[in-house]
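Visitor: I am new to this one. Please show me how to read it.

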Amino acid sequence: MVIKKMHDMGIRSEHAYIAGVASIGLSFASWLTSLKAEQAGVERADRWGIFVGEWAPTFIGLGLALSHYEQQEGTLSGSLHAVRQAS
């Protein structure tokens with residue numbers, strides 16, 4: 001139900017994959033920022049990096065679920081997917 005609603009809102013698997021990759025970069029950036037800006041030490045920076053880093057698998061999982069839904073609905077788009085379907 002949630003995946004269908006996300007698809008109906010215009011969110012596609014590619015969006016979720018991009019968010020997953022972006023969250024990996026954001027995880028490193030939050031770790032580095034916390035390490036440099038706060039005087040709390042490495043432990044606190046590690047917690048920030050791990051917290052944001054846990055978003056990536058969630059976004060990738062949503063991307064997979066959306067991709068599966070798009071395949072069932074016949075709405076899967078993108079050049080990579082089009083090549084696979086044509087083969």
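Visitor: Leaving aside neighbours within four places in sequence, which residues is Ile3 in contact with?

Guide: Contact means heavy atoms within 4.5 Å. Ile3 touches Leu62, Ala65, Leu66 and Tyr69. Note that this is a predicted model: local features need pLDDT of at least 70, side-chain atom pairs count only at pLDDT 80 or more, and totals for chains, interfaces and linings use all residues. Residues are numbered from 1 along each chain as its sequence is written, and side-chain values use heavy atoms, without hydrogens and water.

Visitor: Which residues make up the largest nonpolar core?

Guide: In soluble globular proteins, nonpolar side chains tend to be buried together. Here the core has five residues: Ile3, Met6, Ala16, Leu66 and Tyr69. Helix 1 (2–8) and helix 4 are the elements that each give two or more of them. Buried means under 20% relative accessible area, exposed over 50%, partly exposed in between (1.4 Å probe, protein chains only). A core joins buried Ala, Val, Leu, Ile, Met, Phe, Trp, Tyr and Cys through side-chain atoms within 4.5 Å.

Visitor: Which residues of helix 4 are buried?

Guide: An α-helix has 3.6 residues a turn, so residues three or four places apart point the same way. In helix 4, the buried ones are Ala56, Gly63, Leu66, Ser67, Tyr69 and Glu70. They cover an arc of only 165 degrees around the axis, so they lie on the same side of helix 4. The face turned away from that side carries exposed Pro57, Leu64 and Gln72.

Technical notes:
Helices (H or I, at least four residues) and strands (E, at least two) are DSSP runs, numbered from the N terminus. The arc is that of the directions from the helix axis to the C-beta atoms.
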